[in-house]
Amino acid sequence: NSAVAFNYLPGSVLRGVIVGKHLRVKNLAPAQFDAAAPEAQRLFFDGTTRYLNGYLLDRQQKRTLPTPQSWQREKGKETPLYDFAIKSPDPPLDKEQWQSAPRPFCTLTDDHVRLVQPDRHITVHTARNRRFGRPQDPRHVRKNEDPGAVYRYDALAIGQTFEAILLCNDVDAEYFMSLLKGEANLGGSRSGGYG
């Protein structure tokens with residue numbers, strides 16, 4: 001009974017938030033939204049507008065990118081990193097064991113690479129049996145009754161800044177800027193204070 005959130009904000013989730021704001025601006029219920037309409041297609045579905053993932057900003061407020069899978073290091077060592085897409089290290093690969101880079105995101109400068117790991121927060125939630133108000137042994141509950149359980153949610157910690165990119169044509173840019181104002185809650189358990 002656990003869930004682990006992504007290390008980034010998926011572009012598809014951000015698109016969903018913007019679709020919700022679009023519906024509020026147009027004063028439409030979700031059932032009234034015509035996804036096949038030319039405007040909806042252009043803004044959300046046909047690739048004219050692209051919703052790129054939101055990645056963590058590093059200490060210099062620079063947007064990180066996913067660390068390439070081709071970046072490898074010798075097992076048990078933090079450095080050096082080798083980019084196997086460019087060149088295999090010396091000595092040949094069969095003499096060492098290799099691991100991927102230790103953190104999921106990176107930033108590049110002229111003189112070095114900075115690897116970055118987002119902060120995580122683990123929340124433990126207890127689902128309760130409605131009749132008893134606490135979890136019960138499954139052997140002691142009635143048929144079709146939920147015994148309750150312990151649920152663990154591993155999510156991004158608060159206080160971090162992520163930056164996403166929305167690529168659109170000049171005509172729609174001003175409209176998207178108006179939709180991007182304000183706040184939005186993301187995550188599967190956001191009403192519970194985590195997620």
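Student: What makes L52, I165 and L167 a nonpolar patch on the surface?

Tutor: In this predicted model, L52, I165 and L167 together have about 200 Å² of accessible area, and nonpolar side chains are joined into a patch when they lie within 5 Å and their residues have over 30% relative accessible area and no salt bridge. L167, which belongs to strand β11 (residues 162-167), has 38% relative accessibility, a value over the 30% that a patch requires.

Student: Why is L167 called partly exposed?

Tutor: Exposed means over 50% and buried means under 20%, so L167, at 38%, falls in between and counts as partly exposed.

Student: Why is N27 called exposed?

Tutor: N27, which is found in the loop between α1 and α2 (38-45), has 69% relative accessibility, and because the cut-off for exposed is over 50%, N27 counts as exposed.

Student: How do you know that Q61 counts as exposed?

Tutor: Q61 sits in the loop between β2 and β3 (65-66), and its relative accessibility is 52%, which is over the 50% cut-off, so Q61 is exposed.

Student: What kind of peptide bond joins T79 and P80?

Tutor: The bond between T79 and P80 is cis, with omega about 0°, and P80 lies in the loop between β4 (71-74) and β5 (81-83). Most peptide bonds are trans.

How values were computed
Residues numbered from 1 in each chain as written. Predicted model: local features only at pLDDT ≥ 70, side-chain atom pairs only at ≥ 80, totals over all residues. Heavy atoms only, no water. Patch = residues over 30% accessible without salt bridge, like charges linked within 9 Å, V, L, I, M, F, W, Y side chains within 5 Å. Areas by Shrake-Rupley, 256 points an atom, 1.4 Å probe, with all protein chains shown as cover. Salt bridge = Lys/Arg side-chain N within 4 Å of Asp/Glu carboxyl O. Helix = DSSP H or I, 4+ residues; strand = E, 2+ residues; numbered from the N terminus. Buried < 20%, exposed > 50% of the residue type's maximum accessible area, 1.4 Å probe, protein only.
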